[in-house]
Amino acid sequence: MTTGRLRAVLAAAGVDAHGDDLADALWLASLSTKDGVRTPDPPVREDSPPAPAPPPPPLVVPPRRSDPPSPAPTTVPVHLPRHVGGGAVAGVPTSVAGVRALRDPSALARALRPVKRRVPSPRLRVVDDRATADLIADTGLWLPVVRPVRERWLDLALVVDDSASMVVWRQSVRELRGVLEQLGAFRDVRQWRVTTDGPPVLHGEARRSSARSVRELVDPTGRRVVLVVSDGLGAAWRDGGMTRLLTTWGKAGPVAVLQPLPLRLWRRTGLPVVPTSLRAPRPAAPNTDLARATGTGVAVPVLELEPEWLGPWAALVGGSTWTDLAVAVAPTPATAEPPDSPEALLESFRRAASAGAYRLACLLSAVPLSLPVMRLVQHAELPDSRPAQLAEVFLGGLLRRVTPTDARVDPDEIQYDFAPGVRDLLLDTVTRADALRLLTAVSRHLAAPNARPLDFRAVLADPDGAGTAELDRASRPFAEVARTVLARFPRPTRRITTRTVDAPIRRVHRPFLFVGLGGTGIRIGAEVERRLRDDLCGPDGTALVRTGLRPYQLPGFQQFVYVDVAEEGPRLLRGAVPDAAHRGVASRNRHHSEGLSRFSSFAKVATHLRANLDQEVLSWLPPRLNQPKVTPLGRGSGGLPTVARAVLFDALSRQPSPVLDPLTDAVHRIAESATDPNEDWEVYVAFSVSGGTGAGLFLDYLHLVDDAVRRVAPRRRIHPVVLLPSAVDHSDRQGGLNAGSALTDLIQLSDSGRGTVRHPGRDLNLTLDVVEPAMLFDGPDGSTQAATSIVTTVLQVDPRVVLVRATSLVTTPPGPGVPGHPEARALLREWRRARRTPKPADFLPWRRRFTEERHLFTRAEQVGLVHRFLCAAWKGQVTADDPHVPRVVTYSPPRLPTTMRLHLDGSWSGLVEAYEDWLVAGHTPNRFELGACLLETVVDGSVDPVPAPLFTAMLEPSDEPDEFRTDVLPAALALRFAGVTGTYDNLDELRNG
């Protein structure tokens, strides 16, 4: 077998091996020996049947009728160990990969940097070489000069609540301690336990340690920080016992409570809080010395286990100025009655829990329950959720412990089940597709070849019945792993024989159109082409020959269109076919729109456009002043989106066929080859938002593609595939500005419901019902992940085969139009900052597709937001430093201890812009909960008949009427109240009532 043939076979099996990889594999294979002698081939018996011929390569045929389902690979179910009764069967003990409890430990470490300092030691001394040399030179006396050693500033006592409810946070505490120890800020990090189910008692870290005096944590020198980790559910938090303990420690040094539950649940614990501002007179000041802006008594900060909470507290310990924090107050007694039926229990949980927690509870109903499995499910299905949402499920009254209370097992091995009747109710909300996706996502995680420092015990079902571990017959598996994957799992008892399983033949027939914009889009398309050929055409490219296609030729219903200002397509597409001899067949599925401009420089393009197109069509083209010099255009648009769009408009105005014909030809070929004219079309438009061509053309091409496809395919789905700067190594300022502008337009497009662009000679409308939410890909492997996502859909691959990491550009609370992706929010921040304080080299007018300043919110969303702000102002929940010339506006909801602070430019007209800035800033604790409270605010005239004074000030006329005063504000006043029935329908009627 040649190396080319070997590489083709490996590629068909899903192994992407390059030259170095093949050389290493062959070399290692040549060294495979036993006791220094190469292992001989097994002898062949004379009476044994002849070896079967190797199976032919898989044949992919577009089906004309319904095909039977493809066989699934042989798998082995994975169960939790047996702790309780029930019939037992044989299983094989192993350990499987867990997941981390903390989402971003490095962010926590960065937040704690203010406490990372060194001070002179009061005890240790070291010889000062320079001072000693100076003394000898000056006096002739050979005497050493010593100075204090600089040592780490503080000790840390990590006191962990040892109540029964804290078992869910054991893993989080372990990871937090690791962060604190690796931070390098503390001389010593020591963990303690405190029981709170009764009177608080301090213990050492060891489980069997005896009671210790609470004064052991009091450092007379004031150089010890005490961090208490607790959910506040123990009895000692409600009867004042822990309050007295914290006061004792707070007299000697800084004390704070780390509350792992989310802020909105704190009022249900013994740790309610109020917001205030604190100031430390000096670094590491005791809590008793802290000045507080409101309230009296010893201020004990209560913090979420998130960077945006730890950062301000660390700054306070470091001796900063006034810092906004939440401090503990006296709890109120709990009076809730427990529900008496499964329906009432679930309804009570649903009312109190967040949407993410309820969704997680529904998914958990399909698996056995232990903490590691719960974390696996959360990681696989809700990767953007927080540990607090798992805690909501764990502490929401739905679960019961199954493992006997007297069993001495690790907390991670304790098994739980839903209360009687609750699992069935939750399973009613889980579809079969949800259950399958969950099973396969967890299975993929277990099969991943990563290092697994967080393994937990499990049992593999042994179909051979020879395992040594016991497994309950009624046990519910939480994952499946292929037998061929089991070789990577640690098995302390016996070896499981692996069997070769033939890969199922995949039948593909759905019409597929790929449009790649710019160099990034072309690279993704080349990778998609290569993978499709590997999978459909077989190792030697001949699997489709019997259907009338040539070797390595893809079916006609799969077409690719490549668009670029530069002329680099042929070079970027070389790897899509095995060698040059087969490049001709690729042209049957490819269509190019490259080198669109007949001019060599952008200056000539702009001159031609200004002379031949009316200003209404060219309203987006900036004036000639400070026009960038981009030449030659054959090398690209110079990283400027407006330059790329100008080249497109120039081509459309002169001769549109180089732009439109490739799209039209691709669509017609798909239509001619498709087996079912009513089949859904899958259309992918891939581009980078940081490059000039992709960011400049994506909006126009979404319209052009839809216009071409809708003529023959009424049923279509258009998927924008968006690569962020980190995925294409465009992390410079210019790439970030391109991305921020492009994301703003994408958000507007997704929220508006319909898009329209004006092209030379015609207007194009885009119905957004056919446009799927944009998929954002980031990180060094973003291009590979994008190609994997596309191929997975095209081949209709069982989701167990591959895991794709992508984030959908969908709205997240507290408002429409704001992506939850952290890199996307950072890009939006950078773009908005640059618009206010541009730099000469930014060329901002040449990075956007519209001349007007674009909001993240559509006009309807702006009206709704202002309406809610007016309602909050009516109820007295909004304050301003100056009601008539507002610069700092604060929203203080009654249900939350944190506040929203907006910075305006002295006019209420900037309210929407200031709110958008606050959304993308991302540093306000619990901004989602704050935004959600604001967007739920309504006025009931019977309860609040008179507005607060600020409401009237917001409506005062302005000397310079603008769009806010003439359009948005009147519409907000006339907007109907949501969910309120009464005499008045809107604020206009209420204020004039």
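Two strands pair if DSSP finds at least two bridges between them. Helices (H or I, at least four residues) and strands (E, at least two) are themselves DSSP runs, numbered from the N terminus. What you're looking at is a predicted model, where local features need pLDDT of at least 70, side-chain atom pairs count only at pLDDT 80 or more, and totals for chains, interfaces and linings use all residues. Residues are numbered from 1 along each chain as its sequence is written, and side-chain values use heavy atoms, with hydrogens and water left out.

**The sheet**
- Three strands make an open sheet in the order β34-β35-β36, paired antiparallel.
- β34 (878–880) and β36 are the edge strands with a single partner each, so one side of each has no neighbour in the sheet.

**Zooming in on β35 and β36**
- Four bridges link β35 (residues 888–891) to β36.
- Thr 890 has Arg 901 as its bridge partner in β36, while Tyr 891 has Met 900.
- Side chains alternate along β36 (residues 900–903): Met 900 and Leu 902 point to one face and are buried (under 20% relative accessible area, with exposed over 50% and partly exposed in between; 1.4 Å probe, protein chains only).

**Helix α15**
- In α15 (residues 518–537), 17 of the 20 residues are buried.
- Just after α15 comes Gly 538, with a positive phi of about 85 degrees.
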